[in-house]
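Q: I've got a structure open and want a quick walk through it. Can we go piece by piece?

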Amino acid sequence: MNTGLLVLRLVAGLLIAGHGVQKLSFRLGGHGLAGGTEEFRHDGFRGGRLTALAAGAGQIGAGLFLAAGALTPMAVMAAIGVMTVAATVKWHNGLWVQNDGYEYPTVLVVVCAALALTGPGQWSADHALGLTPWPLWVAVAAIAAGLAAGLLTRVVLHRPSTTGGRAARAQAAD
């Protein structure tokens with residue numbers, strides 16, 4: 001069981017961290033901070049550079065802590081938050097990833113939730129520091145807070161669609 005949890009933490013955590021690296025740099029096929037900023041603007045988010053910095057840094061931190069099994073509930077909360085935002089961006093494309101759907105971020109949310117509920121295993125920083133097992137209520141609170149933070153981020157930072165609004169005003173002015 002501990003080997004399985006280690007592999008799961010490493011793969012999910014490093015993939016999440018890799019997404020953050022892509023948002024902030026040209027590594028791993030990223031387009032640098034300017035590209036990350038443009039991605040958020042394209043997806044309709046306010047904040048531009050600050051939003052990209054916060055999301056990228058959150059993904060890197062959450063992913064690395066998750067991979068190490070360090071402060072696992074907090075890492076899960078942050079990872080679920082950013083992946084929930086990603087799922088909301090892709091929601092209109094449907095479930096499947098081949099249509100740019102929300103399948104992949106959903107899988108990462110579920111993996112993180114499962115890790116919160118099972119704990120990081122014996123081969124983790126939490127176990128080495130004597131922090132495990134985390135009480136069930138801590139895991140459930142971390143999952144709920146991550147989902148709520150992701151949804152709240154979407155509500156607060158997402159601009160309403162202006163498709164037709166600006167174009168119609170510009171056309172009327174001509």
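Q: What percentage of the residues of the protein count as buried?
A: This is a predicted model, so keep that in mind throughout. Of the 174 residues, 38% count as buried.

Q: How many helices and strands are there?
A: The protein has 8 helices and 0 strands. From the N terminus on, the order is α-α-α-α-α-α-α-α.

Q: What does the C-alpha trace span along its principal axes?
A: About 70 × 35 × 30 Å.

Q: And what share of the contacts with a separation of 6 or more comes from residues 24 or more positions apart?
A: That share is 65%.

Q: Which residues of α1 are buried?
A: Asn2, Leu5, Arg9, Ala12, Gly13, Ile16, Ala17, Gly18, Gly20 and Lys23.

Q: What do those buried residues pack against?
A: Four helices: α2 (32-42), α3 (48-68), α4 (72-90) and α5 (103-118).

Q: Which residues of α5 are buried?
A: Pro105, Leu108, Val109, Val111, Cys112, Ala113, Leu115 and Ala116. The elements covering them include α1, α3, α4 and α7 (136-157).

Q: What happens just after α5?
A: Gly119 sits there with a positive phi of about 90 degrees.

Q: Where is Ser124?
A: Ser124 is in the loop between α5 and α6 (125-128).

Q: Buried or exposed?
A: Ser124 has a relative accessible area of 8%. The cut-off for buried is under 20%, so Ser124 counts as buried.

Q: What does its side chain reach?
A: The Ser124 side chain reaches the backbone oxygen of Gly121 at 2.7 Å. Leaving aside neighbours within four places in sequence, Ser124 also contacts Arg9, Ala68 and Gly69. Arg9 is one of the buried residues of α1.

Q: Switching to helix packing. At what angle do α3 and α4 pack?
A: About 140 degrees, with their axes 8 Å apart.

Q: Which residues make the contact?
A: From α3, Ala55, Gln59, Ala62, Phe65 and Leu66. From α4, Thr72, Ala75, Val76, Ala78, Ala79, Val82 and Met83.

Q: Where is Thr51?
A: Thr51 is in helix α3. Thr51 is buried, at 10% relative accessibility.

Q: What does Thr51 touch?
A: Phe40, Arg46 and Leu157, not counting residues up to four places away in sequence.

Q: And how far apart are the C-alpha atoms of Thr51 and Val76?
A: They are separated by 20 Å, with the two residues 25 apart along the chain.

Q: What phi does Leu71 have?
A: A positive one, about 50 degrees, although Leu71 is not a glycine. Leu71 is in the loop between α3 and α4. Leu71 is partly exposed, with a relative accessible area of 36%.

Q: And what is phi for Asp100?
A: Near 60 degrees, again positive in a residue other than glycine. Asp100 is in the loop between α4 and α5. Its relative accessible area is 42%, so Asp100 is partly exposed.

Q: Last one. Is Ala34 buried or exposed?
A: Ala34 counts as exposed, at 58% relative accessibility. Ala34 is found in helix α2. Ala34 and Ala141 are 107 residues apart in sequence and 34 Å apart in space, C-alpha to C-alpha.

Notes. Residues are numbered from 1 along each chain as its sequence is written. This is a predicted model: local features need pLDDT of at least 70, side-chain atom pairs count only at pLDDT 80 or more; totals for chains, interfaces and linings use all residues. Side-chain values use heavy atoms; hydrogens and water are left out. Buried means under 20% relative accessible area, exposed over 50%, partly exposed in between (1.4 Å probe, protein chains only). Helices (H or I, at least four residues) and strands (E, at least two) are DSSP runs, numbered from the N terminus. Contact means heavy atoms within 4.5 Å. A polar contact is a pair of N or O atoms within 3.5 Å; within protein, one must be able to donate a hydrogen and the other to accept it, and residues adjacent in sequence count only if both atoms are side-chain atoms. Axes are lines fitted to C-alpha atoms, for helices over the stretch in contact, and angles run from 0 to 180 degrees between N-to-C directions.
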